[in-house]
Number of protein chains: 2
Amino acid sequence: MSKSGGKEAIIVGAGLVGSLWAVFLARRGYSVKVFERRSDMREAGYRGGKSINLAMSERGWKAVEKAGIREKIEKVAIAMPGRMMHGVDSSLTFQPYGKEHEAIYSVSRGGLNLELIDIADQFPNIEFLFDQQCLNVDLDNPVISFENTRTGEVKEYEAPLIFAADGAYSAVRYSLQKTDRFDYRQFYLEHGYKELSIPPTEDGKHRIDPSALHIWPRGNFMLIALPNADGSFTCTLFLPFEGPVSYEKLKTDAEILGFFKEYFPDTLPLIPELLTDFKQNPTSSLVTVNCSPWQWQGRILLLGDAAHAIVPFYGQGMNAGFEDCTILDDLIDEMGENWQAIIPEFARRREKDGNAIAELALRNFIEMRDLVGDPKFLVRKKIAADLHERHPKEFLPVYSMVSFSNTPYHVALREDDSQNALFEKILNLPNIEMEWDGPAVESVFKNWLENKG
Amino acid sequence: MSKSGGKEAIIVGAGLVGSLWAVFLARRGYSVKVFERRSDMREAGYRGGKSINLAMSERGWKAVEKAGIREKIEKVAIAMPGRMMHGVDSSLTFQPYGKEHEAIYSVSRGGLNLELIDIADQFPNIEFLFDQQCLNVDLDNPVISFENTRTGEVKEYEAPLIFAADGAYSAVRYSLQKTDRFDYRQFYLEHGYKELSIPPTEDGKHRIDPSALHIWPRGNFMLIALPNADGSFTCTLFLPFEGPVSYEKLKTDAEILGFFKEYFPDTLPLIPELLTDFKQNPTSSLVTVNCSPWQWQGRILLLGDAAHAIVPFYGQGMNAGFEDCTILDDLIDEMGENWQAIIPEFARRREKDGNAIAELALRNFIEMRDLVGDPKFLVRKKIAADLHERHPKEFLPVYSMVSFSNTPYHVALREDDSQNALFEKILNLPNIEMEWDGPAVESVFKNWLENKG
């Protein structure tokens with residue numbers, strides 16, 4: 001038996017969730033090997049050009065706090081208390097995300113990942129192995145094999161405890177997929193995303209208001225921009241791959257410039273390298289992954305995107321993965337280090353939350369890209385804020401429940417269904433644009449509340 | 001260039017669809033290699049114990065007719081013009097599937113597969129290679145590699161044209177699954193199935209009426225039996241894996257016998273080897289697979305279960321796979337042998353039908369197992385037959401559309417939605433049990449018809 005007293009674990013993937021979970025395990029005295037397919041980004045540099053900036057919210061903060069590293073992360077995060085919507089006429093509309101002092105926080109994926117690896121690497125009982133491609137998991141033995149992509153060497157590791165945080169295209173999950181009665185779904189949006197950059201001004205300032213998530217909603221497509229600490233913004237264009245207005249229609253410089261001039265005219269002076277960015281950065285696809293069960297015989301557990309890859313439109317991908325760590329760590333507190341019991345229990349409790357946030361993220365894409373187009377939507381937002389003001393305990397907007405609370409995602413999804421039914425009634429009231437805070441709304445609300453049970 | 005003039009194709013899988021499609025291609029002068037993972041069943045014998053009997057209907061017949069082999073298949077098929085429902089009290093109720101002379105046909109999967117391989121093997125330009133496990137498809141080259149499971153030898157084959165008919169767990173599809181923007185879903189029912197056998201009488205006769213598909217519907221589970229040409233019946237028990245009444249509760253002889261005595265008392269004298277069958281035959285799971293696109297660059301095409309594995313409750317699994325062959329062959333007639341155009345066009349036209357029959361098959365499970373329990377359902381059947389009688393052109397029951405016509409499945413699914421809406425209205429009419437052929441029904445029907453457009 002090793003000096004760790006048999007407390008050993010393998011983590012596949014040194015991304016955000018893998019690195020954070022290594023810290024949780026190390027703090028409990030586990031000897032942890034973290035295998036990562038890519039090269040050490042501390043040497044190789046983080047490959048940008050296809051990462052969406054992250055929006056850290058309550059669930060993410062709770063996890064890094066429990067891991068004891070909140071302060072280090074806070075240093076690189078920028079508060080975004082609301083969204084700033086840009087009209088085609090360059091008009092600006094600011095909408096707060098929640099109440100005063102509530103905000104989501106922009107962090108760069110690469111910067112945060114580097115920080116987490118640095119923090120984890122300070123633990124003597126965490127070992128990172130880079131350039132290690134997972135080839136296969138022999139589920140019965142259990143043995144996991146990796147190929148060193150630099151040397152071609154293939155090595156097998158005995159692995160009584162495997163945490164697979166190897167992302168949306170998880171190799172461990174592909175092994176599980178072929179077991180009997182494993183439910184699995186991957187599906188893609190018709191939209192792809194492309195990263196563009198708004199650089200800082202010459203004196204290192206942000207060119208647009210850094211205390212907001214900027215959105216240029218255009219119906220079936222949109223552009224967003226999140227601030228970085230160095231004064232730049234990372235922009236992401238979400239656009240269909242094919243169709244009348246789509247990437248396939250934007251091949252020449254004239255087509256690209258024409259598109260931005262028509263739909264995002266106020267961004268032209270902000271993105272000086274637009275053509276270079278557009279042509280050099282890849283167009284990446286957007287996948288949602290659901291699967292069940294997340295675990296195998298109490299010995300292998302999928303975490304983060306490997307278990308529940310979602311589209312980025314609720315800003316919850318990382319937050320959901322970090323919450324996996326919190327909940328799993330809570331279960332150790334609750335049940336002791338009995339993994340044979342903890343792992344199935346985690347899967348049992350958590351899978352419905354993974355499915356729920358996947359659905360909420362898809363719904364929020366519609367919300368984000370159609371925001372300005374639909375005046376009814378703005379009325380709804382206004383009524384929702386008013387209802388919350390007047391009935392703070394009885395009515396919490398779902399966005400707040402997801403972003404500013406730790407309410408399980410499946411409860412938030414149920415609430416979203418329920419509030420959608422409520423607003424269908426409210427928005428059908430006669431003259432609702434004028435009577436949005438009138439007695440008819442209050443009456444429908446009271447009735448909804450009574451029947452909610 | 002080979003003597004076939006470059007007309008070469010690889011088929012993965014010598015099951016029902018792979019063998020039939022080989023015949024279609026051979027008749028058009030293609031040189032075809034068919035690779036099969038299993039041993040040659042003509043030598044090894046067909047491994048029974050986990051196959052559901054097949055119900056051949058119009059789409060299947062059309063395909064074998066077009067392939068020129070209808071007569072050979074007809075010899076082994078037994079007509080089932082309706083279903084015979086067995087109550088717990090051993091009562092019998094017969095329900096015709098369609099009009100007079102309409103029937104579905106029981107065929108044994110093994111027998112039919114043997115027959116198809118025999119027919120295909122008579123073509124000099126079809127070569128079968130058995131014990132060949134597909135390891136990988138190198139999509140870019142294109143090269144497909146197989147391991148000979150007897151010798152361990154791995155061999156690569158150049159393959160400009162690959163038809164993957166390798167079933168629900170298609171190896172070719174696993175290769176496609178990792179390509180960008182490939183949508184994929186596999187999900188399992190909570191029910192498993194187990195094969196049991198009713199042997200012939202001593203003088204080789206059927207012990208129960210062979211001109212029916214027998215069903216013992218019991219709410220959340222059911223038993224079915226289909227006749228074989230040798231006087232036996234193949235029975236299949238569909239039961240949840242876990243739960244209050246489930247396989248996990250049937251471990252001892254007493255538990256198994258007690259279960260049959262309680263729910264299927266009339267089968268006890270019919271299944272003499274019940275305990276042996278039950279304990280020796282495996283409990284198999286029931287998967288549904290949807291994916292898109294079914295093809296890769298006009299060079300690789302998924303067919304049959306590899307593209308659209310469905311649950312067996314509509315008796316359409318084989319029929320759908322055979323219809324794939326018909327439609328693909330029709331496209332050759334229509335477009336010439338331009339595979340680069342045919343293959344994407346086939347996928348474009350056919351995928352929605354694959355999704356539709358998957359959904360219809362899931363819906364029919366509810367219908368089959370709940371049949372007797374719900375008196376409203378029998379009223380609905382009576383009204384549907386009556387409406388069809390009085391309005392043969394305007395109203396065709398969906399079961400008939402699926403089983404006795406070649407209407408695309410996606411049209412049948414749309415019709416099912418539409419008829420479900422119609423019957424929700426009809427069954428809510430006051431006193432409908434008595435007034436099932438009254439003027440109120442006719443009025444609701446006329447209104448439905450007008451709004452159908």
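Across the interface of chain A and chain B, 13 residue pairs are in polar contact, both residues of each pair being at pLDDT 80 or more. The model is a predicted one. On the side of chain A that touches chain B, the elements giving two or more residues are α6 (171-177) and β13 (183-198) of chain A. The most comes from β13(A), with 8 residues. Sorted by class, this side of chain A holds 7 nonpolar, 4 polar and 7 charged residues.

Salt bridges between chain A and chain B number 2. B:Arg181 forms a salt bridge with A:Glu242, with 3.4 Å between the closest N and O atoms.

The size of an interface is often given as the accessible area lost when the parts come together. Here, about 1600 Å² is buried between chain A and chain B, and carbon and sulfur atoms give 40% of that area. In chain A, the residues that lose the most area to chain B are A:Arg181, A:Gln186 and A:Tyr188, which together make up 36% of what that side buries.

The contribution of each chain to the contact is as follows.

| Chain | Residues in the contact |
|---|---|
| chain A | 18 residues |
| chain B | 18 residues |

Key: Residues numbered from 1 in each chain as written. Chains lettered and ligands numbered in written order. Predicted model: local features only at pLDDT ≥ 70, side-chain atom pairs only at ≥ 80, totals over all residues. Heavy atoms only, no water. Contact = heavy atoms within 4.5 Å. Buried area = accessible area lost by both parts, 1.4 Å probe. Salt bridge = Lys/Arg side-chain N within 4 Å of Asp/Glu carboxyl O. Polar contact = N/O pair within 3.5 Å; in protein donor to acceptor, adjacent residues only side chain to side chain. Helix = DSSP H or I, 4+ residues; strand = E, 2+ residues; numbered from the N terminus. Nonpolar A, V, L, I, M, F, W, Y, C, P; charged D, E, K, R; others polar.
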